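This report concerns the fold of a single chain and some of its local packing. Please consult the sequence and coordinates shown below alongside the text.

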Amino acid sequence: MPHSKVLFALSRPAMRLAASLGAGALALASGLALLAAAPSTAEAPAPAEAQSLLDNTPRFASSGDPGFDAWREGFAARALAAGRSPLITEQLLSGLTPDARAVRQDQTQPEFNRPWWDYVDRAVSQSRIDRGRFRINQDAAVFEAVEARYGVDIGVIAGIWGVESNFGDAALPHEAPRVLATLAYEGRRRADFERWLLALIEMVERGYAGPSELRSSWAGALGQPQFMPDVYLARAVDWDGDGRRDIWANDADIIASIANYLAEAGWRRGEPVFQEVRLPPGFDLSLADRTMRPVSAYAERGAAPMAGAWANGDTSLEAELFLPAGLTGPALLLHANFSAIRRYNPSDRYALAVALIGARLDGGQGLRAAWPSHLRTLTATMVRELQAGLNALGHDAGAVDGVVGAGTRRGLRSFQLARGLPADGFPTYAMLEEVRQAQHPRSDGRLSAAETEDLQRLLVQLGFRVGRADGVAGARTRAAIAAFERSLGRPETTGLPTSRNLAAARAFAP
Ligand SMILES: [Ca+2]
């Protein structure tokens, strides 16, 4: 029998007694107040205590936050209506106060959007790869049996384990009942958090988790694979057959639970996760639109596999083209197995980090193309300005929320197409400058001598001959600018040192 059941069984009488005493005192006080306010009525209301003892309704001492108390009463009623145990519901929700840190975490939007490559480079650290190798060796028999059963690559399983909890080292500083209740009460995603809280109560009811196992991330994710409670109920596996689905301390259960999740999320045995490709100049970037197509659709347009040959020698596999850092960064074909990882955590950065760790652990390589670390990326405030600018110019970027999502990329791509720029949809500072210039064109858009010199240097870096970089737009500089404009695919060339050309040169200079 799981030890949690024993603990809860022992604590029941004391809990019940304490709860009914507390409720009784409250009921008595409110009954007296009612009597005093209405001395002439024929019938006093029945004391709530009697009702409570009859129907087992959970009772809670006030948290000091009347709004939270009211939400908790309502939720407890919904939990009972959903078939949850009154006792466990009361036990998990008693003594809670809202956790302001969890609300802050849930709402915080970092002002500095760290560039993509920062996150990925940090997540795919050499120490994590080394630890992954060590764990794979340590649990080799389990990893191999799990891979045989579910078809999921060993490296990807280890990659998720490493990124989620650093193989169990990550501190889980929060109490799941408290953070789930707080975020349900806070209300932005109430239905989700109430669902998770119900699942958590069910986990305890069934003896799957004891009190020490309810520590979680700020969002309520549990154990080393960081499962939400409903995921635990549906996907956790008892691999070693000891009767417990132990995602907290049992390596075999952890490894199999991660693999089971991916298998249920659409993992395809034997297929690749992603392939890095090289795109020829002038490649149609509108194909980077999150649509799955056969690899042959990209190959026919000149995309070539960095590895020298297509994975499995098969160009009928479907993939979406993804340019995580725009035209000047790596170009990736993402297969169905990448989508399965994305179902574990819907962030592209997360999925790419896991995929890269997986590739390294399974004997492959990291990315060959360099990240465009020279590009200046945008803060959240700048992203909002970009989004508002795109919307004002008629290129629908969706909500002005400071977060770069599909809408922002689509709006930017539409803007880039209209301006004759390579349409990679990647928001950089140079693109923000382009949008600013489009919104508030200077009378002639001409550059100062210092800016012209800057443009000349950038054009040299891009391989155009400008003569001397002296801030003077002579004949050779003008010819170079015109050639640059043609290379951008602009419908007309000016040959002029304009702010638009400077922004474009900044965007594409190495
Ligand atoms: Ca087990």
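The structure is a predicted model. Its secondary structure comprises 22 helices and seven strands. The chain has 510 residues, of which 42% count as buried. Among contacts between residues at least 6 apart in sequence, 65% join residues at least 24 apart.

| Helix | Residues |
|---|---|
| H4 | residues 86-93 |
| H9 | residues 154-165 |
| H10 | residues 176-186 |
| H16 | residues 348-361 |

**Packing of H9 and H16**

Helices H9 and H16 pack with their axes 7 Å apart, at an angle of about 130°. The pair is therefore classed as oblique, and H9 passes H16 in a right-handed crossing. By class, eleven nonpolar and four polar residues make up the contact of H9 with H16, with no charged residues. On the H9 side, the residues that take part are Ile154, Gly155, Val156, Ala158, Gly159, Ile160, Gly162 and Val163. They meet Tyr350, Ala353, Val354, Ile357, Gly358, Ala359 and Leu361 of H16.

**The nonpolar core**

The largest nonpolar core contains 123 residues. Within this core, Ile157, Leu180 and Ala355 touch the most other members. Leaving out residues up to four places away in sequence, Ala355 touches Val273, Phe274, Phe338 and Ile341.

**Tyr185 in H10**

Tyr185 lies in helix H10. Is this residue, Tyr185, buried or exposed? Tyr185 is buried, because 24 other C-beta atoms lie within 10 Å, whereas the criterion for burial asks for 20 or more. Apart from neighbours within four places in sequence, Tyr185 is in contact with Phe68, Trp71 and Pro98. Gly67 is 118 residues from Tyr185 along the chain, yet the C-alpha atoms of the two residues are separated by 8.1 Å.

**Helix H4**

Helix H4 is mostly covered, with six of its eight residues buried. The buried residues in H4 are Ile88, Thr89, Glu90, Gln91, Leu92 and Leu93. After H4 comes Gly95, whose phi is positive, near 75°.

Notes. Residues numbered from 1 in each chain as written. Predicted model: local features only at pLDDT ≥ 70, side-chain atom pairs only at ≥ 80, totals over all residues. Helix = DSSP H or I, 4+ residues; strand = E, 2+ residues; numbered from the N terminus. Buried ≥ 20, exposed ≤ 12 C-beta atoms within 10 Å, placed from the backbone. Contact = placed C-beta atoms within 7 Å. Axes fitted to C-alpha atoms, helices over the stretch in contact; angles between N-to-C directions. Parallel < 35°, antiparallel > 145°, perpendicular 65-115°, else oblique. Left-handed = near helix turned anticlockwise from the far one by under 90°. Nonpolar A, V, L, I, M, F, W, Y, C, P; charged D, E, K, R; others polar. Core = buried A, V, L, I, M, F, W, Y, C linked by C-beta atoms within 7 Å.
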